[in-house]
Amino acid sequence: MAEQTVEQGRDLPHAFRRIGQALVSGLDVKDVLGSIVDEAMIQLDAEVALLRLLDRPGEHLELEVSRGVPEETVRQIRFRPGEGLAGRLVIDGRPLRGINLQQDPRADQRALARRFNWQAFAAVAIHLHQQPIGVWFMIRHRREPFTEEDLLLLSTFADYASLAIERGWLLHTIIREKHESEAVIQASANGILVVDAYGRVVDMNPALERLTGWSQRQARGLPCCDVVGCQAERGIGAPSKLCPLQVAARRGDRAFIEYQLQTRDGKSIPVEASYGLVWDEDGELFRIVIVFRDISHQKELNRLRAEIVANVSHELRTPLSLIKGYATTLLSPDVKMDEAETRRFLTNVSTAADHLGRMIDDLLCASRIETQQLKLESKRFDLCKELRQVLSWFQPYAPDLQLVADLPAHELWVWADPDRVHQVMMNLLTNAAKYSPVGSTITVRSQILGDPPAAVVHVIDEGSGIAAEYLPRIFDRFYLTDESKKGIGLGLYICRGLVEAMGGSIWVVSEVGEGSTFSFTLPVQAESKAAVAGRSD
Ligand code: ADP
């Protein structure tokens, strides 16, 4: 009798109409599910409803609809495949019904059912693409059982629920992917421009705003050539080879171009533009996506490289021309020379060859430093003795200068490669001599400083000094100050590479007109450390 009453009171056409309306209303998926559950409760005459989705790892959309149960209780109920009634539902997929939830074999479920007076129940699994994704329980506060027809009806409502969930997930995925790709475009360091099939700006990212000086709002709807300024390339009356529409017309056969972009305030920036064409389903051009990369830095590097090659070639050519000139003279049958003259010529040939050899050695050494293939033969030696030797060796090359050794009387044991220390000292002394006036002094001082202690060598000159603007780059490869455009700019780079390879560091303090002090450190050995410990100052 009771079953008949429920079925007679049903108004299924209107219930499904309302569900249909909720589905197409654009409501949030949770609200749509709520409508489906509410309709099902009326039609099945149930007081409690519990619709839960299985936990899906990595899926952020958490759906759950409950009616007639407090929120906190819903949160405590866990559904796991294979466990209890819900678990069975998920595993075998067949709807279930019963008359007394209070007889559940699990004590906690029993207690819950007693607490809330849950009695008859009907339950179905919710499927998506034949996979169980959740469970739906309808519960009565009385023992009046759900019929087979009720179960069938609940399964139908469950189908609508899965439809709503699928739509929700799809929407969620689309929105997430849209946000992700928008975030990528927004964060891209390259400028991105989206143009429609008529060449008008549809969208641009912040990187392009920075590059062009146009804001997205100002640029939208403008011909793209006005925004990414390729007018200069256009030529009078000729269609630009950069114009995206021209690129599209050629179906992207030349989708990669370098040109000078004119910014909004008239600056010219070298860029590389690559074009991507987006076609619609009918094969019509829909959008053109252009990615701009600022290549000023690369261009500057190329320019510097060319300048360096030209400078190095010139520097190598100078001694080579000298050698060639002297050799030609010596070989000429018309030139008669006495022995002294011939000797002087040959000495000049030898000096030029030495100079050439040193430059080639420097190039090789710099390349080894760069590729980290430098070989060191480090050992323990007395730095003071080595510095004295270097000074006496160097003195003949600086006859007009005063060389002073301000070195401790005791030994200064360091761990380093003595040949490389010699090379560093020769470079620093040569530079000091080159930029010092006749009669001035070059002092070589050494001491132990710091904690942990290190041997510090200072090469102090009273020469021209170096302007502050050059100091930060003075140890860079091929770096020459504007004042001295002679040389190949490798000496200090080599000094730094060698000192650092030996575990030290190098720096300079300089004042224009006052002179420069180049200093470097080397690791000390045990005896020198003892000497530090024993010092009274
Ligand atoms: P190079 O090997 O061609 O001599 P360096 O790397 O040794 O080049 O020096 C780079 C630049 O540093 C030089 O062109 C010069 O301007 C400046 N410089 C180096 N040492 C001194 C110094 N003692 N006094 C003044 N300028 C110096």
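## A hairpin and its sheet

The model described here is a predicted one. The hairpin of β4 and β5 leaves two residues between its strands, and H129 there takes a positive phi near 50°. Strand β4, which covers residues 121–128, and strand β5, which covers residues 131–139, are paired in the antiparallel sense over eight bridges. Further along this pairing, A123 stands opposite F137 in β5.

On the other flank of the chain's pairing pattern, β1 is joined to β5 by six bridges, and these two strands also run antiparallel. Here L50 is the residue that stands opposite F137 in β5. Taken as a whole, the sheet is an open one of five strands in the order β2-β1-β5-β4-β3, with antiparallel pairing. The strands at its edges are β2 (64–67) and β3 (96–98), and each has a single partner strand, so one side of each is left without a neighbour in the sheet. From one strand to the next, the twist averages 15°.

Is β5 enclosed or open to the outside? Seven of its nine residues are buried, so β5 is largely enclosed by the rest of the structure.

## Helices against the sheet

Two helices can be followed across these strands. Helix α3 (residues 29–44) lies across β1 (48–53), β2 and β5, and its course is at about 35° to β2. Helix α7 packs on the sheet as well, where it touches β1, β3, β4 and β5, and its direction makes about 35° with that of β4.

In the loop between α3 and β1 is D45, which has a positive phi of about 55° although it is not a glycine. D45 is partly exposed, with a relative accessible area of 34%. In the loop between α6 (107–116) and β4 is N117, which likewise is not a glycine and has a positive phi of about 55°. N117 is partly exposed too, its relative accessible area being 32%.

## Aromatic rings

Across the whole structure, a search finds eight aromatic pairs. Two of them are set side by side below.

| Pair | Distance of centres | Angle of planes | Arrangement |
|---|---|---|---|
| F16 and F157 | 5.1 Å | 25° | stacked |
| Y326 and F345 | 4.9 Å | 75° | edge-to-face |

F16 belongs to helix α2 (residues 12–24) and F157 to helix α7 (residues 148–187), so their pair ties together parts that are 141 residues apart in sequence. At 21% relative accessibility F16 counts as partly exposed, whereas F157, at 0%, counts as buried. These two residues and Y160 form one aromatic cluster.

R140 lies over the face of F146, at 3.9 Å from the ring centre, and R264 lies over the face of W214, at 4.4 Å from the ring centre.

## Nonpolar cores and the chain as a whole

Which residues have the most contacts inside the largest nonpolar core? They are L383, M425, L429 and F520, in a core that has 55 residues. Helix α16 (residues 418–434) supplies the largest share of this core, eight residues. Leaving aside neighbours within four places in sequence, L383 is in contact with L412, V414, V421, S446, A455, V457 and L522. Apart from this core lies another, of 33 residues, which includes L51, L53, A120 and A161.

A cis peptide bond, with omega about 0°, joins D451 and P452. P452 lies in the loop between β14 (441–449) and β15 (454–460).

The protein chain has 18 helices and 17 strands, and buried residues make up 42% of its 537 residues. Among its contacts between residues at least 6 apart in sequence, 61% join residues at least 24 apart.

Definitions and conventions:
Residues are numbered from 1 along each chain as its sequence is written. This is a predicted model: local features need pLDDT of at least 70, side-chain atom pairs count only at pLDDT 80 or more; totals for chains, interfaces and linings use all residues. Side-chain values use heavy atoms; hydrogens and water are left out. Rings of Phe, Tyr and Trp (its six-membered ring) pair if their centres lie within 6.5 Å; planes under 30 degrees apart count as stacked, over 60 as edge-to-face and the rest as tilted. Helices (H or I, at least four residues) and strands (E, at least two) are DSSP runs, numbered from the N terminus. Buried means under 20% relative accessible area, exposed over 50%, partly exposed in between (1.4 Å probe, protein chains only). A charge sits over a ring if NZ of Lys or CZ of Arg is within 6 Å of the ring centre and within 35 degrees of the ring normal. A nonpolar core is a set of buried Ala, Val, Leu, Ile, Met, Phe, Trp, Tyr and Cys residues joined through side-chain atoms within 4.5 Å. Contact means heavy atoms within 4.5 Å. Two strands pair if DSSP finds at least two bridges between them. Axes are lines fitted to C-alpha atoms, for helices over the stretch in contact, and angles run from 0 to 180 degrees between N-to-C directions.
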